[in-house]
Each structure stands twice: as structure tokens, then as C-alpha cells.
Amino acid sequence: MRTLDFPARSCLALSVLAFCPPNASAGPRQADAPQAAQAGLRQALEKEGIVLDLEDRLLSLPATVLIKNELLEYLLVGPNGAMHESLFLTPVRPSLLNAALLLLGVEPGRNAHWEERAGVDERGRPNKAIYPPQGDGFYLYAAWREAGETYFFRAEDLVRNLESGRSLRRHRWVYLGSRFLVLKKDQPESFLADVEGNLINLSFFFQGNTLLTSAIEECFEQTIWAANEWLLPERGQPVRLFFARAPLECLTPAMLATLPEARQGASDGESGADK
């Protein structure tokens, strides 16, 4: 679902304008420009279900449960992304989410990278020194209501490490902000998260095309991640994802008011899940 048609660069420009205080010496029209930009961005966010809280430095967005019983490489994708290997699906456009994340003052970190070394590793693969992502980012949470109860989890708790038998280690997810690239000659640059539809990667991808990435060294592996399916609602059921600049202990009443109701025992067909 796409409800907006302005380009990704416009989203980023709006976020910058909205974050800048007006110049007291400017004329009325100049002074109103940042406020107008902020109002336009907030309206765009609301249309796609994003709730932005600048005071508490967090935002939330709508998502649905996607893959529960297959291997995972992504935490969050859009309808044009890697839907066969992501825990959650969202209709929110990546460039719009990126603009909202920038409003929270985040700075781009450094993506995972590697250096070749002599020999092979214990699995017979070319030996590489892997350096996990580093830098600024967000703490991620998922929440919903079900049968009169509120469910609130760190995103890591919903992912299982098949090698260790434990959940994904809790950590701050590093902000990358995707990137722009000219995909066709004589065409404008494209925002790659919009093109590919992948918002948050669980396993490392060295291209850096997503908005956020996991940041612990075991995420170099791409075949050890699965959902903690017994903690999650059925596939296709709604949840709300929270992006926080600092760890959250609990949800405020305002946050609780945004939580969707997940139905127990709903099938894919009943829930309208994407297939």
C-alpha cells in the first residue's frame, strides 16, 4: 500500500526542515516554512500509521506477523521485499519511515564489513575477519493485545538462534539509512530501501541498503534464525513495532492506546495475510 507519491529526497528534505527552528528575524512566510514542512510530514506519517513522539524520542508503526516456521534473514520488510524470509511485514514506505527516524536525531552508523584472511574457517569457507555494524541506532519492540492481555516484547526475544537454542541477544540495532543509487542511465537516483522493500535485516548484508541492521557478530550467519513462534500471534495478525532511542521499561497509556487486537486461532485466510 502506498498513499504518498512524493519522492524519497522530498521526505528527507521535509525532515531536515521540520527539525530546524524558525529564524526569528525572518519574514512571516520564511518563518512559517519549517512549521509547514513539519505539518506536511506529520500528515504523511499519520496516513501510513506512523506515530512519532519527539519528546520521548520514539516512533511506532503498524505491522503484521509474516513468517513463523521458516528461516529468517529480515526482521521487517514491505510488500515488495523478501517476504519469504521476514518476521514482520509493514505497508509503510521505507523512505517515509527514514524521514521519521531522522527526526529523532539518529546518525548513520557503519555497516558490517569484512577482511579476507589466509586459509579457511571451521566450515571450510574462505577465512574472513567479520566486523559487526557499529554506531547510533534504536531499540526495537513489538506489542499487541490478545484476549484481553497486552503483549510487549523486545524484538530480539521473538527471534530464536537455532545454534545456541536461545533468543537473539538483545542489543541496539544500528541505523544505516539505506542509500541512493542511479539504477538506469539518465534517470534520477533511487532510494534503495524503497526499490528493494527491505527495511530491517537480521542477518548481515554488506550492501547497506536497509534502514537498520542487527549488530551482533553471530548475525553473520544466515541459516540459524527462526521465529520464537510460540510467543507470536498467528500469521497475518496485527502488531505494532516501536523504535526507541533509549530502552523502554514499559508502554505508556498513549502507546497502549495504539495497540491492535490480534485474534486467537485466526487462519491466514481470515486475517488477510499476504501469501
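**The core and its rings**

Author: The largest nonpolar core contains 60 residues, and F88, L212 and F243 have the most contacts inside it. Helix 3 (residues 94-103) supplies the largest share of this core, six residues. The model is predicted: local features need pLDDT of at least 70 and side-chain atom pairs pLDDT 80 or more, whereas totals for chains, interfaces and linings use all residues. Residues are numbered from 1 along each chain as its sequence is written, and side-chain values use heavy atoms, without hydrogens and water.

A nonpolar core is a set of buried Ala, Val, Leu, Ile, Met, Phe, Trp, Tyr and Cys residues joined through side-chain atoms within 4.5 Å. Buried means under 20% relative accessible area, exposed over 50%, and partly exposed in between, with a 1.4 Å probe and protein chains only. Helices (H or I, at least four residues) and strands (E, at least two) are DSSP runs numbered from the N terminus.

Leaving out residues up to four places away in sequence, F88 touches (heavy atoms within 4.5 Å) residues including V65, L76, L158 and L241. A second, separate core of 10 residues includes L58, A143, A244 and L251.

Then the rings. Rings of Phe, Tyr and Trp (its six-membered ring) pair if their centres lie within 6.5 Å; planes under 30 degrees apart are stacked, over 60 edge-to-face, the rest tilted. There are six aromatic pairs by this rule. Y74 and F205 are stacked, because their ring centres are 5.0 Å apart and their planes at 10 degrees. Y74 is in strand 3 (residues 74-77) and F205 in the loop between strand 13 (198-201) and strand 14 (212-213), so this pair ties together parts 131 residues apart in sequence. Y74 has 8% relative accessibility and therefore counts as buried. Ring pairs also link W144, Y151 and F153 into a cluster.
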